Amino acid sequence: MSARSEPGPRAPQSRTEGNPAGASDLLVVRGLEAGYGAAPVLRAVDLTVAAGTIAAVVGANGAGKTTLLRALSGMIRPAAGQVLLAGEELRGTPVEQLVRRGMAHVPEGRGVISELTVDENLRLGGLWRRDRADAARALDEVYDLFEPLARRRRHLGHQLSGGERQMLALGRALVGRPRLLLLDEPSLGLAPRVVARIMALLRQLRDRTGLTVLLVEQNVRSALAVADQGVVMSLGQVVIAAPAATLRDDVDLRHAYLGF
Amino acid sequence: MDRFVFLTIDGLSRGAVYAAFALALVLIWRAARVVNFAQGAMAVAAAYVAYTVATATGSYWLGFLVAIGAGLLLGALVDRVVMRHVDHASPLNPVIVALGLVLLIQAVLGMVYGNEFRPAEAPFSRSALTVAGVAVLSPYDLFVFAAIGVVVSGLAWMFARTPVGLRMRAAAFAPEVSRLLGVNVGGMLTLGWALASGVGALAAMLVLPTELGLHPHAMDLVFVSAFTGAVVGGLDSPPGAVVGGLVVGLLLSYVSGYAGSDLTPLAVLVLLLAVLLVRPGGLFAPVAARRV
């Protein structure tokens with residue numbers, strides 16, 4: 001399953017190195033169309049993310065990156081297209097069921113519930129799980145992973161710093177042991193040092209647990225530094241999907257699609 | 001002094017009922033951002049169910065339990081059948097619909113039971129026990145305190161300590177995020193309506209025997225007092241609702257005891273006005289969370 005490969009000069013470089021078609025594709029999106037009201041934002045998006053890889057979706061403001069994530073997790077209803085998670089159709093699944101299918105979405109602004117404590121926010125991420133013992137184990141693992149959170153268990157969400165909030169949002173998603181993690185702008189408003197730490201953590205999770213990540217970022221450099229696959233969106237379409245290293249290193253591609 | 005003690009205890013007893021009723025209003029406000037103006041009428045409807053059951057079976061307690069059950073059910077029904085379908089774009093919409101519901105419920109009750117007072121039975125004696133020559137508590141007052149104490153602490157425990165309580169709070173504060181975390185937000189909302197309406201039914205069962213009895217309009221004034229209590233405490237704060245309800249109960253008792261019962265409705269409105277002017281968020285308004 002390849003990324004969108006339109007014939008013609010606009011997208012001659014679409015390729016699928018390191019991501020051969022087959023059973024290893026965790027997320028397959030075909031012809032996804034979505035928008036708000038009558039205004040379409042996504043126009044026939046095709047996308048494939050292999051299991052155990054990190055895909056970074058980059059592009060200008062208004063390219064449809066956030067809308068893509070919202071359409072994938074069902075927060076907005078797609079008008080057309082297919083979303084397959086491990087081969088199962090996701091479209092039409094109620095939002096609250098997606099987490100049970102293995103998809104976690106950390107939304108724009110992180111979605112930390114300010115009125116709840118750190119511990120309550122984290123526990124909420126595992127409440128849906130039947131296996132209570134493993135949910136408790138996952139909670140302990142998150143506290144081990146994010147040591148600042150362990151020190152602030154009883155603090156309310158609104159008492160945390162931006163970096164701590166991002167850790168909390170990530171940790172809360174991880175408590176549900178997702179197969180696919182959708183992350184919307186994790187670097188927003190964070191110091192470069194904190195961003196680097198979070199990106200390194202994503203790699204670590206991918207390598208250790210086989211987590212698959214679909215990351216939306218404005219911060220193209222740090223996103224491509226961590227990702228296996230780079231997906232460039234423009235005006236609601238995927239204009240190129242290529243190995244992140246190729247997008248990073250190919251000067252022509254960078255100039256054409258990323259503007260730097 | 002004797003009189004002061006009596007008025008204080010009487011005020012706390014009434015205040016406990018207002019507290020429960022105010023708490024029910026706060027539960028729905030927090031979950032759905034709706035002030036449920038139909039709560040009084042819904043509670044009266046549950047009390048009429050109790051009356052029917054108690055008359056048919058001769059058992060007060062069976063009627064009592066059925067009333068709480070009817071309250072829970074009616075709350076869920078009002079959410080699912082009516083309120084869920086109201087456009088919340090303007091805050092006035094649910095208010096108007098709730099007022100319409102009041103008219104409907106009161107009209108139906110009037111058609112079925114007649115617009116006359118029916119006796120509301122008290123399960124315990126209402127004559128005060130005398131301690132050292134001072135009339136203090138009646139067994140019925142003790143029952144009221146115990147019933148409301150159990151319900152309020154039970155709700156507090158449920159919200160603070162149980163998974164379903166955590167889900168309900170999360171769904172109220174951040175519905176969209178909660179859905180992403182697998183919370184059935186619609187179900188939590190219905191549960192909130194059911195619980196609030198059940199508490200309202202309990203309050204009606206407790207307060208009606210101390211008043212003129214059962215009547216389609218019997219809870220109208222209780223609603224006004226409890227609403228004032230909820231606003232005094234800040235509509236968003238459950239502990240505030242309890243304290244606010246007790247404050248209103250005490251105020252009404254002192255005013256009617258020392259200045260005459262004609263002045264009590266005025267006193268409630270003066271208190272409401274004072275709170276809205278001085279501290280519109282209520283006495284227990286939380287410090288607004290800073291969203292970054």
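Which side chain of chain A meets that of B:R179 in a salt bridge? Select both residues: the partner is A:E96, with 2.9 Å from N to O. A salt bridge here is a side-chain nitrogen of Lys or Arg within 4 Å of a carboxyl oxygen of Asp or Glu.

Before continuing, please note that this is a predicted model, in which local features need pLDDT of at least 70 and side-chain atom pairs count only at pLDDT 80 or more, while totals for chains, interfaces and linings use all residues. Residues are numbered from 1 along each chain as its sequence is written, chains are lettered from A and ligands numbered from 1 in the order in which they are written, and side-chain values use heavy atoms, leaving out hydrogens and water.

**The interface**

Now display chains A and B together. Three salt bridges are found across their interface. Chain A contributes 23 residues to the contact and chain B 21 residues, contact meaning heavy atoms within 4.5 Å. The buried area is about 2,100 Å², with 62% given by carbon and sulfur atoms; this is the accessible area (1.4 Å probe) that two parts lose on being put together, summed over both.

**The sheet of chain A**

Next, select the strands of chain A. Helices (H or I, at least four residues) and strands (E, at least two) are DSSP runs, numbered from the N terminus. Four strands form an open, antiparallel sheet in the order β2-β1-β4-β5; two strands pair if DSSP finds at least two bridges between them. At the edges are β2 (39–50) and β5 (88–89) of chain A, each pairing on one side only. Helix α1 (residues 65–72) of chain A packs on this sheet and touches β1, β2 and β4 of chain A. Its direction makes about 110° with that of β1(A), where axes are lines fitted to C-alpha atoms, for helices over the stretch in contact, and angles run from 0 to 180 degrees between N-to-C directions.

**Helix α6 of chain A**

Move to residues 162–175 of chain A, which form helix α6. Of its 14 residues, 13 are buried, so the rest of the structure largely encloses α6(A); buried means under 20% relative accessible area (1.4 Å probe, protein chains only). After α6(A) comes A:R177, whose phi is positive, near 45°.

**B:V17**

Finally, select B:V17, in helix α1 (residues 2–32) of chain B. B:V17 is buried, with a relative accessible area of 3%. Leaving aside residues up to four places away in sequence, B:V17 touches B:V144, B:I148, B:A203, B:L206 and B:V207.

Key:
The expected span of a helix is 1.5 Å times one less than its number of residues. Buried means under 20% relative accessible area, exposed over 50%, partly exposed in between (1.4 Å probe, protein chains only).
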